[in-house]
Amino acid sequence: FQVRPRNPCGFGASPAHAAAMASPAVSPDSSSHEGLSSVNSAPACSPTSDSENLSPDELELLAKLEEQNRLLEADSKSMRSMNGSRRNSGSSLVSSSSASSNLSHLEEDTWILWGRIVNEWDEWRKKKEKLLKELIRKGIPHHFRAIVWQLLCSATDMPVKNQYSELLKMSSPCEKLIRRDIARTYPEHEFFKGQDSLGQEVLFNVMKAYSLVDREVGYCQGSAFIVGLLLMQMPEEEAFCVFVRLMQEYRLRELFKPSMAELGLCIYQFEYMLQEQLPELNIHFRSQSFLTSMYASSWFLTLFLTTFPLPVATRVFDIFMYEGLEIVFRVGMALLQFNQAELVQLDMEGMSQYFQKVIPHQFDSCPDKLILRAFQVKYNPKKMKRLEKEYATIKNKEMEEQIEIKRLRTENRLLKQRIETLEKESAALADRLIQVASKIAIFLFSA
């Protein structure tokens, strides 16, 4: 694990210097080229929407990226074709060499572009927002993720960072729970392997610190996966600040509250989308009593970090950092659309196995395909807002009914207690009457 510099991209420096300053952190990717491939193979960007705000150099860079997308796609198809038809190895070597050369040129262009974005961040956020969104959907290069994530959530200069070292000296009531769950977080990742590993120690530190600054939430198991991903990219103080910001500004705090009320809302909204867009699958799920919460809860609580391998999940997380929870709805629906034909043929147990073993690895080699499908999903923010109000009304009504039921139960308990008291009083009175009657009878008999 190499600790990233505090300013890994060199604010105020030239793009070339910014590139040189970005030192590698613990990579979540299975391939060293993931940061590169995630940029060049995603859905086509549409620079024309912001072209009036771009310099000629930026337009040229984007044109190169788009051209490279086409070349790599064609090369990939030709390689698959050659492998299938057993063409001569010479052609294959030429193709591979060409791809390698293209990648090196693209890598340089990518570093220049993202170095410029980081150093001109305010301008890009204000004047080139649509273009920035498209580039993030293509994937943030790995070496730029730490600083870009901090910039996206405005966590580069937070007062809470100065409290971090003091928080670590304090004791938290959640410490035992955190220690118990640490080993379950990314158990196969080298950084977190071993009870005394650096990864487990810094993960414990961040989770403990947060449990102290937000005692209502304290610690929730799913949140450790999010913090773990942050720690793969940046030092623990920065990861702590980003996590605090995510909890405050990205609806995560509501998701992780003890009541998990926000999770109920997300499930309600997702069920509406399922019913509207995939009615046949929705009917099948209902017929098998396969509840939405059974497969989608972890999607929202861990942002797919426990669903997909890290290279794919990190791409989703890039988009979440810019667009929020909407991407979870989009990716979730894309997965169901992609697998509807298979799922409707399975019973509950078969679907459970399918969600655990098949779905997570469908996009290992092509995360861009998943992102593209996700943004083809119909998502209406106005409808989601309406559903939020609808859900709040339902919950308020349920709460009123629960209050009324509680009142009636209390009233019923009091009535039972009153009846029991009256019965005791009645029994005591009956005994008293019997005693009086006996005395009267004795008096009359003796007279």
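Predicted model: local features only at pLDDT ≥ 70, side-chain atom pairs only at ≥ 80, totals over all residues.
Reader: Which residues in H20 do the residues of H18 meet?

Author: On the H18 side the contact is made by Ile327, Arg330, Val331, Ala334, Leu335, Gln337 and Phe338. The residues they meet in H20 are Lys369, Leu370, Arg373 and Ala374.

Reader: How many helices and how many strands does the secondary structure of the protein chain come to?

Author: Buried residues make up 47% of the 447 residues in the protein chain, and among contacts between residues at least 6 apart in sequence, 77% join residues at least 24 apart. As for secondary structure, the chain comes to 21 helices and zero strands.

Reader: How many of the residues of helix H11 are buried?

Author: Helix H11 spans residues 223-231 and is mostly covered; its buried residues are Ser223, Ala224, Phe225, Ile226, Val227, Gly228, Leu229, Leu230 and Leu231. The elements that cover them include H7, helix H10 (198-213), H12, H13, helix H16 (292-302) and H17. The count of buried residues in H11 is therefore nine of nine, on the criterion that buried means under 20% relative accessible area.

Reader: What kind of aromatic pair do tyrosine 250 and phenylalanine 320 form?

Author: The structure holds 25 aromatic pairs, and in the one formed by tyrosine 250 and phenylalanine 320 the rings are 5.3 Å apart, centre to centre, with 50° between the planes. Planes under 30 degrees apart count as stacked and those over 60 as edge-to-face, with the rest tilted. The angle of 50° thus places the pair of tyrosine 250 and phenylalanine 320 in the class called tilted.

Reader: How many residues apart in sequence are the parts that the pair of tyrosine 250 and phenylalanine 320 ties together?

Author: At 12% relative accessibility tyrosine 250 counts as buried, and phenylalanine 320 counts as buried at 1%. Tyrosine 250 lies in the loop between helix H12 (236-249) and helix H13 (252-256), whereas phenylalanine 320 lies in helix H17 (residues 310-323), so the pair ties together parts whose separation in sequence is 70 residues.

Reader: Over the face of which residue does arginine 137 lie?

Author: The model contains charges over rings, including arginine 179, which lies over the face of phenylalanine 204 at 3.6 Å from the ring centre. In the case of arginine 137, the distance from the ring centre is 3.6 Å, and the ring is that of phenylalanine 375.

Reader: How many residues apart are aspartate 318 and arginine 145?

Author: Among the 21 salt bridges that the structure holds, one is formed where the side chains of aspartate 318 and arginine 145 meet at 2.9 Å, N to O. Aspartate 318 is buried, with a relative accessible area of 0%, and arginine 145 is likewise buried at 0%. With aspartate 318 in helix H17 and arginine 145 in helix H7 (residues 142-152), the pair links distant parts of the chain, at a separation of 173 residues.

Reader: Is arginine 180 buried or partly exposed?

Author: Aspartate 181 forms a salt bridge with arginine 180, the closest N and O atoms being 3.2 Å apart, and aspartate 181 is buried, with a relative accessible area of 1%. Arginine 180 has a relative accessibility of 46% and so counts as partly exposed.

Note on methods. Residues numbered from 1 in each chain as written. Heavy atoms only, no water. Phe/Tyr/Trp six-rings, centres within 6.5 Å; stacked < 30°, edge-to-face > 60°. Helix = DSSP H or I, 4+ residues; strand = E, 2+ residues; numbered from the N terminus. Buried < 20%, exposed > 50% of the residue type's maximum accessible area, 1.4 Å probe, protein only. Lys NZ or Arg CZ within 6 Å of the ring centre and 35° of its normal. Salt bridge = Lys/Arg side-chain N within 4 Å of Asp/Glu carboxyl O. Contact = heavy atoms within 4.5 Å.
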